[in-house]
Amino acid sequence: MSPPRPVSQEAALDTLRQLARAGTRTLLFAGPDGVGRRAAARWFAALLNCRAAGDEPCGSCAECGAWRQADGSLRWVRDYREVSAATTTKEGRAARRPTITIDQLVPRAGGDHDPLGPWLASAPSARVRVAVIDGADELGEGAANAFLKTLEEPPSHARIVLVAPGPDTLLPTVASRCTVVRFKPVPADAETVRRFHPHPALRLGRPASLLEASDEARSAVSAFEASLHGSLAETFEGLKALIEVWQSGEVPGMLRERARARGAPTYLACDAALEEAEAASSAYAHRALVFKRLALALRSAWRHGPGELPS
Ligand SMILES: [Zn+2]
């Protein structure tokens with residue numbers, strides 16, 4: 001089983017075929033969230049390693065067959081890795097700003113035991129190792145400098161794919177080392193619209209972010225919303241399930257969109273409550289208290305009547 005090809009990104013895939021042939025080693029996949037950049041990175045890795053010399057991974061050779069479903073998404077355990085910014089601090093609290101740390105990239109005393117640099121330098125099992133740095137715009141100066149040499153000239157058996165909104169969101173020293181591949185917003189199909197209406201990602205042409213959202217997150221948000229109309233005990237019960245899926249990063253967006261559907265007063269109160277909760281949790285406030293305050297604020301927000309939608 002090879003990774004599914006990303007939808008509606010033919011121009012980007014064409015560029016990737018050319019860059020695969022050219023042996024380009026450091027790439028930036030630029031575009032908004034949810035347009036299929038990570039899917040394209042997997043497809044690219046499969047293409048580079050497929051034993052059939054075609055324009056698509058063949059799906060049936062030994063290398064294509066090495067892709068496996070893990071943690072809900074397709075991974076190729078042998079020569080493919082993704083690194084992304086940590087959304088929690090070492091103390092387990094929500095990070096105010098997610099960042100990619102130096103020890104995710106290079107060896108350091110007391111750091112991550114499996115940083116990207118040495119993995120990338122070691123010999124691939126198949127033909128090419130592909131490392132994806134997801135959220136490369138969160139690459140701090142220290143981490144970027146420590147990794148600059150590798151970005152400048154990865155080993156010939158290695159490719160580095162940075163995923164970020166665009167070159168202007170990267171440090172100039174990093175951007176100057178990348179070949180940019182642009183991904184455009186893609187229209188959602190009718191089935192996606194039906195399932196996810198009225199999620200904000202639909203308006204923004206980012207349906208892939210919806211498909212990555214777990215059913216679990218969506219049902220927790222629905223149950224929590226229903227509990228806002230029940231007793232306080234019911235709301236706190238709904239809150240427990242909500243907290244469990246909070247790390248998916250999808251919850252605030254879903255709550256805002258549900259609030260928006262109820263009108264301006266609800267939306268504005270919900271938005272303010274979420275902002276306050278995000279600020280408080282990154283300021284090391286007690287997490288359980290932050291969520292309880294949020295739940296109370298949302299209960300009161302959901303009691304507002306309809307009004308004009310904010311633009
Ligand atoms: Zn193949």
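## Model and conventions

This is a predicted model; local features need pLDDT of at least 70, side-chain atom pairs count only at pLDDT 80 or more, and totals for chains, interfaces and linings use all residues. Residues are numbered from 1 along each chain as its sequence is written.

## Overall make-up

The chain holds 14 helices and nine strands. Helices (H or I, at least four residues) and strands (E, at least two) are DSSP runs, numbered from the N terminus. Of the 311 residues, 36% count as buried. A residue is buried if 20 or more other C-beta atoms lie within 10 Å of its own, exposed if 12 or fewer, and partly exposed in between; the C-beta atoms are placed from the backbone.

Contacts are residue pairs whose C-beta atoms, placed from the backbone, lie within 7 Å. Among contacts in the chain with a separation of 6 or more, 71% come from residues 24 or more positions apart.

## The five-stranded sheet

Five strands form an open sheet in the order β4-β7-β8-β1-β9. The pairing is parallel. Two strands pair if DSSP finds at least two bridges between them. The edges are β4 (80–84) and β9 (179–182), each pairing on one side only. From one strand to the next, the twist averages 20°.

Strand β7 (residues 129–134) is joined to strand β8 (residues 158–164) by six bridges.

β7, helix α5 (residues 141–152) and β8 make up a right-handed β-α-β unit. Right-handed has a set sense here: with the strands pointing away from the viewer, the path from the first strand over the helix to the second runs clockwise.

Helix α2 (residues 37–49) lies across β1 (26–30), β4, β7 and β8. Its direction is about 170° to that of β7. Axes are lines fitted to C-alpha atoms, for helices over the stretch in contact, and angles run from 0 to 180 degrees between N-to-C directions.

Leu 162 is found in strand β8. Leu 162 counts as buried because it has 27 C-beta neighbours inside 10 Å. Beyond four places in sequence, Leu 162 touches Leu 27, Leu 28, Phe 29, Ile 133, Ala 136 and Cys 178. The C-alpha atoms of Leu 162 and Leu 28 are 4.6 Å apart, though 134 residues separate them along the chain.

Leu 28 lies in strand β1. Leu 28 is buried too, with 25 C-beta neighbours inside 10 Å. Leaving aside residues within four places in sequence, its contacts are Leu 162, Ala 164, Pro 167, Cys 178, Val 180 and Val 181. Leu 28 and Thr 179 are 151 residues apart along the chain, with 5.9 Å between their C-alpha atoms.

## The α13–α14 pair

The axes of helix α13 (residues 264–282) and helix α14 (residues 287–301) come within 9 Å and cross at roughly 175°. The two helices are therefore roughly antiparallel to each other. Angles under 35 degrees count as roughly parallel, over 145 as roughly antiparallel, 65 to 115 as roughly perpendicular and the rest as oblique.

From α13, the contact uses Thr 266, Ala 269, Cys 270, Ala 273, Ala 277, Ala 280 and Ser 281. From α14 come Arg 287, Val 290, Leu 294, Ala 297, Leu 298, Ser 300 and Ala 301. By class, this contact has 10 nonpolar, three polar and one charged residues. Ala, Val, Leu, Ile, Met, Phe, Trp, Tyr, Cys and Pro count as nonpolar, Asp, Glu, Lys and Arg as charged, and the others, Gly among them, as polar.

Leu 298 sits in helix α14. With 26 C-beta neighbours inside 10 Å, Leu 298 counts as buried. Outside four places in sequence, Leu 298 is in contact with Leu 228, Cys 270 and Ala 273.

His 304 is in the segment after α14. His 304 is partly exposed, with 17 other C-beta atoms within 10 Å. Neighbours within four places in sequence aside, His 304 contacts Gly 263, Pro 265, Thr 266 and Ala 269. His 304 and Thr 266 are 38 residues apart in sequence and 5.6 Å apart in space, C-alpha to C-alpha.

Notes:
Contact = placed C-beta atoms within 7 Å.
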